[in-house]
Structures are given as C-alpha cells and as structure tokens.
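Here is a short report on a predicted model. Read it alongside the coordinates.

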Amino acid sequence: QVRLVESGGGLAQPGGSLRLSCTASGFTFSSYAMGWYRQALGKERELVARIASTTGLTNYADSVKGRFTISRVNARNTVYLQMDNLKPEDTALYYCNPMGSTYWGQGTQVTVSS
C-alpha cells in the first residue's frame, strides 16, 4: 500500500522560510523521480519542483526558481522542499508525488501572510 506523508507546512511571514518533508512507503522510492506540487484555492494544481530518482537532477517552476530547493534522501524514503524568501503567492496546499503515478498524500498547508 502506497503512503505519502507530507509535513512541515504552517504560517510564515513574507521573506520567511519553511522546510517541507514527504516520507514515502509502499513502493521502491529510489526508482521514481519525485515532484512537489501545490494547489492554491480556486487554481489548478501545479508542479513546483522535481528531482530525478538517483542523479539528483532538479527542475523548478519559474515562479520559485532561486527560492526553493528540492532534495531527497533515498535511504530515508524522503523528499524535501526548502522554501526561502516566501511570498504570499506561495500560499497553497503542497503535495509530493512519485512522477507519473496517481499516488498523492493529504498535503501540507503553507500560508504566507504578515
């Protein structure tokens, strides 16, 4: 049974930082590229960042490039999203996803507000 548990969200001030974690189980984590997605109220879910399965190659949406950093530790079945210089427009529910799969966790809410 595939399980994805996101954590680390919360309330941050503009310019602040948060670090999200996603711990996975039920599949071979190291075989999948992993993505972080977000969905703001009334908007479509969008891919924020992705990381390759073993090479560490990363890609970012233009809106977060230079502010967010995705990383993973395959030995811990965990993928991270370090979010710096947060902006109000980063407010959303954040999810991790094994790329190409239909598996989703419950998400973790990030709210950026003063």
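## Core, disulfide and sheet

The largest nonpolar core has 26 residues, and W36, F68, V79, L81, M83 and Y94 touch the most other members. Two or more residues come from each of β3 (18–25), β4 (34–39), β5 (46–51), β7 (68–73), β8 (78–83), β9 (92–98) and β10 (108–112). The top contributor is β3, which gives four residues. In soluble globular proteins, nonpolar side chains tend to be buried together.

Setting aside residues up to four places away in sequence, F68 touches R38, V48, Y60, L81, Q82, M83, D84, L86, D90 and Y94.

**The disulfide.** The count comes to one disulfide. C22 and C96 form it, with their sulfur atoms 1.8 Å apart. C22 sits in strand β3 and C96 in strand β9, so the bond ties together parts that are 74 residues apart in sequence. C22 counts as buried because its relative accessibility is 0%. C96 is buried too, at 0% relative accessibility. A disulfide is a covalent bond between the sulfur atoms of two cysteines.

**A buried arginine.** R38 belongs to strand β4. Is R38 buried or exposed? Its relative accessibility is 6%, under the 20% cut-off, so R38 counts as buried. Its side chain makes polar contacts with the side chains of S63 and Y94. The distances are listed here.

| Side-chain pair | Polar contact distance |
|---|---|
| R38 – S63 | 3.4 Å |
| R38 – Y94 | 3.0 Å |

Leaving out neighbours within four places in sequence, R38 is in contact with E44, R45, E46, V48, S63, V64, F68, E89, D90, A92, L93 and Y94.

**The six-stranded sheet.** Which strands make up the open sheet, and in what order? Six strands run β2-β10-β9-β4-β5-β6, with mixed pairing. At the edges stand β2 (10–12) and β6 (58–60); each has a single partner strand, so one side of each is left without a neighbour in the sheet. From one strand to the next, the twist averages 25 degrees.

Strands of a sheet pair through backbone hydrogen bonds, either parallel or antiparallel. For β9 and β10 the sense is antiparallel, over three bridges. Y94 stands opposite T108 in β10.

Definitions and conventions: Residues numbered from 1 in each chain as written. Predicted model: local features only at pLDDT ≥ 70, side-chain atom pairs only at ≥ 80, totals over all residues. Heavy atoms only, no water. Core = buried A, V, L, I, M, F, W, Y, C linked by side-chain atoms within 4.5 Å. Buried < 20%, exposed > 50% of the residue type's maximum accessible area, 1.4 Å probe, protein only. Contact = heavy atoms within 4.5 Å. Disulfide = S-S within 2.5 Å. Polar contact = N/O pair within 3.5 Å; in protein donor to acceptor, adjacent residues only side chain to side chain. Pairing = 2+ DSSP bridges. Axes fitted to C-alpha atoms, helices over the stretch in contact; angles between N-to-C directions.
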